[in-house]
Amino acid sequence: MSAIPYVYDTGALIALENDDRRAWVRHRLALQDDTPIHIPAGVTAQVWRDPRRQVRLGEIISACAVEPLDLDAARTVGILCGRARTSDVVDASVVTLAVRLGGAVVWTSDPGDIAALADARDAGPTITIRTV
């Protein structure tokens with residue numbers, strides 16, 4: 001049985017970058033257990049500022065699957081933003097990716113925003129929202 005994948009939002013990456021002990025324990029256990037970890041490309045854009053100072057963040061991101069936002073996904077994200085009455089396409093891309101993966105665990109610092117987007121969906125697999 002394969003592990004339920006993780007999807008990191010911006011807050012999850014910031015927690016890791018800031019040496020949050022609990023985030024690091026979870027991340028290392030996920031890697032040890034071969035849990036797939038996914039990051040929407042937009043999340044990377046929100047945290048990536050200076051590669052000279054973000055070496056560790058670069059290593060974290062390299063250990064994960066960074067998922068692009070293609071045209072079909074972008075349309076789905078836009079529709080979800082409309083339904084949820086939000087303009088946060090990055091959070092919507094997190095939820096859309098978690099659904100596309102067949103239901104994932106979303107690690108976030110904004111559980112309310114992610115839950116509102118998850119609730120705005122028509123249907124689809126259940127996603128689990130966890131706070132970093």
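Biologist: Quick one to start: which strand is E67 found in?
Modeller: E67 sits in strand β3, which covers residues 65–67. Bear in mind that this is a predicted model.

Biologist: And is E67 buried or exposed?
Modeller: Buried. Its relative accessible area is 17%, and the cut-off for buried is under 20%, so E67 counts as buried.

Biologist: Leaving aside its neighbours within four places in sequence, which residues is E67 in contact with?
Modeller: On that basis E67 is in contact with H38, I39, P40, A41, L97 and R100.

Biologist: I39 is on that list. What is I39 in contact with, again leaving out neighbours within four places?
Modeller: Y8, L13, T44, I61, C64, A65, V66, E67 and L97. I39 also belongs to the largest nonpolar core, which has 36 residues. Along with Y6, V7, Y8, L13, V95 and V106, I39 is among those that touch the most other members.

Biologist: Which helix gives the most to this core?
Modeller: Helix α6, residues 89–100, with six residues. In soluble globular proteins, nonpolar side chains tend to be buried together.

Biologist: Switching to the sheet. What order do the strands come in?
Modeller: There are five, in the order β3-β2-β1-β4-β5, forming an open sheet with parallel pairing. β3 and β5 are the edge strands, each pairing on one side only. On average, neighbouring strands are turned by 30° against each other, direction ignored.

Biologist: How many bridges join β1 to β4?
Modeller: Three, and the two strands run parallel. Y6 stands opposite V105, while Y8 stands opposite W107.

Biologist: And what about β4 with β5, how many bridges there?
Modeller: Four, also in the parallel sense. In that pairing, I129 in β5 is the bridge partner of V106.

Biologist: Which way do the residues of β4 point?
Modeller: V105 and W107 point one way, V106 and T108 the other, and all are buried. In a regular strand the side chains alternate between the two faces of the sheet.

How values were computed. Residues are numbered from 1 along each chain as its sequence is written. This is a predicted model: local features need pLDDT of at least 70, side-chain atom pairs count only at pLDDT 80 or more; totals for chains, interfaces and linings use all residues. Side-chain values use heavy atoms; hydrogens and water are left out. Buried means under 20% relative accessible area, exposed over 50%, partly exposed in between (1.4 Å probe, protein chains only). Contact means heavy atoms within 4.5 Å. A nonpolar core is a set of buried Ala, Val, Leu, Ile, Met, Phe, Trp, Tyr and Cys residues joined through side-chain atoms within 4.5 Å. Two strands pair if DSSP finds at least two bridges between them. Axes are lines fitted to C-alpha atoms, for helices over the stretch in contact, and angles run from 0 to 180 degrees between N-to-C directions.
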